[in-house]
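Welcome to this short tour. Please open the model in your viewer and keep the sequence beside it.

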Amino acid sequence: MLSDREFEVFQMLGEGRSTFKTAEILGISPKTVDVHRRNIRSKLELEDGGDVVRYAIRWTESRKHLGLPHDDRQPPG
């Protein structure tokens, strides 16, 4: 299960935001965003950082397509 902060980072990645923009919005350092991305990758058992971004984008887009809120607590995993 993702922490609240990891889920916030996941959502921002799904919206196409960069590491630096995500850090700025959340008031954390880019390195902290990278740590959250690594934790997300591990928890969702994804291969690499690119997979995290692709998964987040697909999850966000599928929620929009189905008319579901994309701010539900957890992505499938």
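Which residues in helix 1 meet which residues in helix 2? Select R5, E8, V9 and M12 in helix 1, then T22, I25 and L26 in helix 2: these meet, contact being heavy atoms within 4.5 Å. By class, this contact has four nonpolar, one polar and two charged residues. Here Ala, Val, Leu, Ile, Met, Phe, Trp, Tyr, Cys and Pro count as nonpolar, Asp, Glu, Lys and Arg as charged, and the others, Gly among them, as polar.

A word on what you are viewing: this is a predicted model, where local features need pLDDT of at least 70, side-chain atom pairs count only at pLDDT 80 or more, and totals for chains, interfaces and linings use all residues. Residues are numbered from 1 along each chain as its sequence is written, and side-chain values use heavy atoms, leaving out hydrogens and water.

Next, select residues 4–14 for helix 1 and residues 19–26 for helix 2: their axes come within 10 Å and cross at roughly 130 degrees. The axes are lines fitted to C-alpha atoms over the stretch in contact, with angles from 0 to 180 degrees between N-to-C directions. The two helices are therefore oblique to each other, the class left over once angles under 35 degrees (roughly parallel), over 145 (roughly antiparallel) and 65 to 115 (roughly perpendicular) are set aside.

Now show the whole chain. You will find four helices and zero strands, both being DSSP runs numbered from the N terminus (helices H or I, at least four residues; strands E, at least two). Finally, colour by burial: of the 77 residues, 34% count as buried, meaning under 20% relative accessible area with a 1.4 Å probe, protein chains only.

Methods:
Buried < 20%, exposed > 50% of the residue type's maximum accessible area, 1.4 Å probe, protein only.
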